[in-house]
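Keep the viewer open and follow the topics in any order you like.

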Amino acid sequence: VILSMLARHGHAAEAVREEAFAVARRRLPTIADHLALLPETKCTLDHFDDALDQLAQLEFRYKKELLVACMASMAFDQRLTVTEAELFRGISGALECPVPPWLQLQSLKDT
């Protein structure tokens with residue numbers, strides 16, 4: 001759900017979403033075979049919140065791996081949108097792995 005949300009809300013074209021998701025999935029090789037880009041209907045805030053609640057129970061090293069996968073998705077097209085940045089901040093905060101405010105949101109262009 002987390003990777004699907006980032007791919008769907010960070011990339012406009014479906015083909016780019018699929019590629020960004022695939023790049024992120026490769027960062028999680030132990031579970032990659034179990035991950036698929038979810039349809040928009042499964043990428044709601046309720047699904048997102050439920051997934052974060054479950055993922056918050058992970059050991060730190062797995063949280064770190066997930067955040068690296070998220071960054072790979074976001075960086076795929078070498079463009080960072082405000083939506084991606086805010087989703088990532090929400091994810092890292094929910095996983096109790098906050099990131100510093102390294103983003104200057106006024107320089108980002110939301111799509």
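This is a predicted model: local features need pLDDT of at least 70, side-chain atom pairs count only at pLDDT 80 or more; totals for chains, interfaces and linings use all residues.

Helices here are DSSP runs (H or I) of at least four residues, numbered from the N terminus.

- Is Ala 56 buried, exposed or partly exposed? Its relative accessibility is 25%, so Ala 56 counts as partly exposed, since the partly exposed class lies between under 20% for buried and over 50% for exposed.
- Leaving aside residues up to four places away in sequence, Ala 56 touches Lys 63, Ala 94 and Leu 95.
- Ala 32 sits 24 residues from Ala 56 in sequence, and their C-alpha atoms are 19 Å apart in space.

**The two sides of α3**
- Phe 48, Ala 51 and Leu 52 are the residues to look for on the inside, as they are buried in α3.
- Looking down the axis of α3, you will find its buried residues within an arc of 100 degrees, so they line one face of the helix.

**How α2 packs with α4**
- Two packed helices are described by the angle between their axes and the distance between the axes.
- For α2 (residues 14-26) and α4, the angle is about 150 degrees and the axes are 8 Å apart.
- That angle makes α2 roughly antiparallel to α4, because angles over 145 degrees count as roughly antiparallel.
- The crossing of α2 past α4 is right-handed.
- On the α2 side, the contact is made by Ala 20, Val 23 and Ala 24, while α4 brings Ala 69, Ala 72 and Ser 73.
- Sorted by class, this contact of α2 with α4 has 5 nonpolar residues, 1 polar residue and no charged residues.

**Two residues with positive phi**
- Most residues other than glycine have a negative phi.
- Gln 78, in the loop between α4 and α5, has a positive phi near 60 degrees.
- At 76% relative accessibility, Gln 78 counts as exposed.
- Glu 96 lies in the segment after α5, and its phi is also positive, near 60 degrees.
- Glu 96 counts as exposed too, with a relative accessibility of 67%.

Notes. Residues are numbered from 1 along each chain as its sequence is written. Side-chain values use heavy atoms; hydrogens and water are left out. Buried means under 20% relative accessible area, exposed over 50%, partly exposed in between (1.4 Å probe, protein chains only). Contact means heavy atoms within 4.5 Å. The arc is that of the directions from the helix axis to the C-beta atoms. Axes are lines fitted to C-alpha atoms, for helices over the stretch in contact, and angles run from 0 to 180 degrees between N-to-C directions. Angles under 35 degrees count as roughly parallel, over 145 as roughly antiparallel, 65 to 115 as roughly perpendicular and the rest as oblique. A crossing is left-handed if the near helix is turned anticlockwise from the far one by less than a right angle, and right-handed if clockwise. Ala, Val, Leu, Ile, Met, Phe, Trp, Tyr, Cys and Pro count as nonpolar, Asp, Glu, Lys and Arg as charged, and the others, Gly among them, as polar.
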